[in-house]
Amino acid sequence: MGYELDAEVAPVMAAMAERAAGAPVPARGDWKALRESGNAGLAYLATLMRPAPGVRTTTFFTTAPDGAPIELRWYASGRPASGGAVVYAHGGGMILGDLDVYDPVLSWYVAQTGRPFLSVGYRLAPEVTGSTLATDVFAGLTWLIGHAAELGVDTARIGVMGDSGGGSPAAGAAIMARDQGIRLARQILIYPMLDDRNVGPDSAREPFLTWTYDNNFTAWSAVLGADLGTDAVSPLAAPARLADLSGLAPAYIDVGDLDIFRDEDICYGQRLARAGVPVELHVHPGAPHGWERFAPDSALARRAMADRARAVASI
């Protein structure tokens, strides 16, 4: 038996392929074209999910170590504060995406769990590179710690979360937190992009990929430049490079079986477990990258979102 798409995801993928027929495919290494097409894709996904009613947003700013302003978007419901909160890094391969297109999904998490979210508008590659993206997310985390009392947040109950390309700076911020003596309640990594060395093909899964190996090479090249694939890469930029995982926050990781990040995510979970870090790992058969965003009504998506909400609610 070979790989197969989930029965409910397959027709959605077919319809997406039909809509995209004839559209130019970004060339390997062309980050501008990938950013343009990727932003259009994220804007479309945002239309598939309405922002949850009753969730308010407030804009704040903090300053990165190099003096750059970082936009922060705070999501809160009218429910009584529980003390827990989540710092979020949006997806987009670290080269695209923004706060706006994540309004629907983050408001859903808040409405479902009662936990407020702080979404960090970290800067993107190649305008910034290397560990700067993780440092920006960490700046959001330290801002939240510094403003915890006025926001009703218990500093012992803060987690970090990120999906896809946002999984790398989220995991990097968790590493920085450990190294600076900040105890996080949890790190929640949704099909995270963790390893810059993952740029080779897998012919068995090629027909099912929504984020391709060419996309991955393009994105990591924008983040790391000439350091791509070398020993010069910082684990804050590519967390799979981290040698010592002990003392990191308990982890929740989920990924689809038809996602190019599957193996690196499973490996990261295994290495966390071997280092004594509690891990909950989900690998979803028949699921490509981002399936729950473009097939939100599938049973597979509903199950995954319920598990993620449970993980968030545990903070």
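Me: Before we look at a helix lying on a sheet, what counts as contact?
Reply: Contact means heavy atoms within 4.5 Å. Keep in mind, too, that this is a predicted model.

Me: Thanks! Which strands does helix α3 lie across?
Reply: Helix α3, residues 103–113, lies across β1, β2, β3 (85–89), β4 (117–121) and β5 (158–163). Compared with β2, the helix runs at about 45°.
Helix α6 packs on the sheet as well, touching β3, β5 and β6 (186–190). The direction of α6 makes about 155° with that of β5.

Me: How should I read the sheet itself?
Reply: Strands of a sheet pair through backbone hydrogen bonds, either parallel or antiparallel. Here you have an open sheet of 8 strands with mixed pairing, in the order β1-β2-β4-β3-β5-β6-β7-β8.

Me: Which are the edge strands?
Reply: They are β1 (55–63) and β8 (279–288), each of which pairs on one side only. On average, neighbouring strands of this sheet are turned by 20° against each other, ignoring direction.

Me: In what sense do β1 and β2 pair?
Reply: Strand β2, residues 69–77, pairs with β1 in the antiparallel sense, over 9 bridges. To find your place, look for Thr62, which stands opposite Ile70 in β2.

Me: And the nonpolar core: which residues touch the most other members?
Reply: The largest nonpolar core has 99 residues, and Phe117, Leu144, Met161, Tyr268 and Trp291 touch the most other members. Helix α6 (residues 167–179) contributes the largest share of this core, with 7 residues.

Me: What does Tyr268 touch?
Reply: Leaving aside residues up to four places away in sequence, Tyr268 touches several residues, among them Ala171, Ile175, Leu189, Pro239 and Ile253.

Technical notes. Residues numbered from 1 in each chain as written. Predicted model: local features only at pLDDT ≥ 70, side-chain atom pairs only at ≥ 80, totals over all residues. Heavy atoms only, no water. Core = buried A, V, L, I, M, F, W, Y, C linked by side-chain atoms within 4.5 Å. Buried < 20%, exposed > 50% of the residue type's maximum accessible area, 1.4 Å probe, protein only. Helix = DSSP H or I, 4+ residues; strand = E, 2+ residues; numbered from the N terminus. Pairing = 2+ DSSP bridges. Axes fitted to C-alpha atoms, helices over the stretch in contact; angles between N-to-C directions.
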